[in-house]
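Dear colleague,

Please find below the structure that I am handing over to you.

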Amino acid sequence: MSPRKAVTFNADAVRIEGLRDFVSALKAVDAQYPKAVRQANYDMAAELVARSKADAASVGGVARKAARSLRAARQANASVVTGGGARYPYFWGAEFGARQYRQFKPWRGNQYGGWSGGPGYFLHPTIRSEAERLLDGYMARLDALAGEAFPD
């Protein structure tokens with residue numbers, strides 16, 4: 001039987017087993033700690049946004065304009081990146097391409113292809129290439145918070 005993994009990469013997210021319980025335990029020590037976790041979540045998402053915008057600039061064309069809509073969001077138990085919206089209706093065409101509209105690159109599909117490949121021109125390739133490095137930095141911050149909150 002293989003050991004359970006605390007961190008899993010799947011089609012829609014990187015999941016950290018026990019994160020909610022960890023945040024609850026931190027909150028029991030001091031109310032400032034969940035805010036620090038929220039900030040760590042935001043910082044990881046913000047770094048991903050910055051790198052995705054740089055990748056979009058190298059893709060050029062409508063991708064550079066669409067990447068302006070990328071934003072990091074603060075949440076207690078997740079790092080969230082949003083994009084698109086009413087001012088950027090072409091965001092998903094810039095990210096995945098299109099079969100019909102020539103202002104976009106060729107359509108790459110919108111189905112997850114695993115961590116070694118798949119769709120996307122700037123956001124998803126950045127997620128795939130930077131996920132482990134970003135996660136290592138995030139886990140280091142959580143370890144530092146745990147050491148501060150539970151100094152045994």
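Ser69 lies in the loop that connects helix H3 (62–67) with strand S3 (71–74); helices (H or I, at least four residues) and strands (E, at least two) are DSSP runs, numbered from the N terminus. Please note that this is a predicted model, in which local features need pLDDT of at least 70 and side-chain atom pairs count only at pLDDT 80 or more, while totals for chains, interfaces and linings use all residues. Residues are numbered from 1 along each chain as its sequence is written, and side-chain values use heavy atoms, with hydrogens and water left out.

Is Ser69 buried or exposed? Ser69 counts as buried because its relative accessibility is 6%; buried means under 20% relative accessible area, exposed over 50%, and partly exposed in between (1.4 Å probe, protein chains only). The side chain of Ser69 reaches the backbone nitrogen of Gly84 at 2.8 Å. Apart from neighbours within four places in sequence, Ser69 is in contact with Thr82, Gly83, Gly84, Tyr88 and Phe91, where contact means heavy atoms within 4.5 Å.

The protein chain as a whole has five helices and four strands. Their order from the N terminus is β-β-α-α-α-β-β-α-α. The protein chain has 152 residues, of which 33% count as buried. Of the contacts between residues at least 6 apart in sequence, 58% join residues at least 24 apart.

Two helix pairs deserve a description. Helix H2 (residues 32–59) packs against helix H5 (residues 123–149) at an angle of about 160°, and their axes are 10 Å apart. Axes are lines fitted to C-alpha atoms, for helices over the stretch in contact, and angles run from 0 to 180 degrees between N-to-C directions. H2 and H5 are therefore roughly antiparallel to each other (angles under 35 degrees count as roughly parallel, over 145 as roughly antiparallel, 65 to 115 as roughly perpendicular and the rest as oblique).

Helix H1 (residues 19–29) packs against H2 at an angle of about 140°, with axes 6 Å apart, so H1 and H2 are oblique to each other. Val23, Leu26, Lys27 and Val29 of H1 make this contact with Tyr33, Pro34 and Val37 of H2.

Finally, Glu132 is part of helix H5 and counts as exposed because its relative accessibility is 59%. Glu132 and Val14 are 118 residues apart in sequence, and 9.7 Å apart in space from C-alpha to C-alpha.

Yours sincerely

Methods: A polar contact is a pair of N or O atoms within 3.5 Å; within protein, one must be able to donate a hydrogen and the other to accept it, and residues adjacent in sequence count only if both atoms are side-chain atoms.
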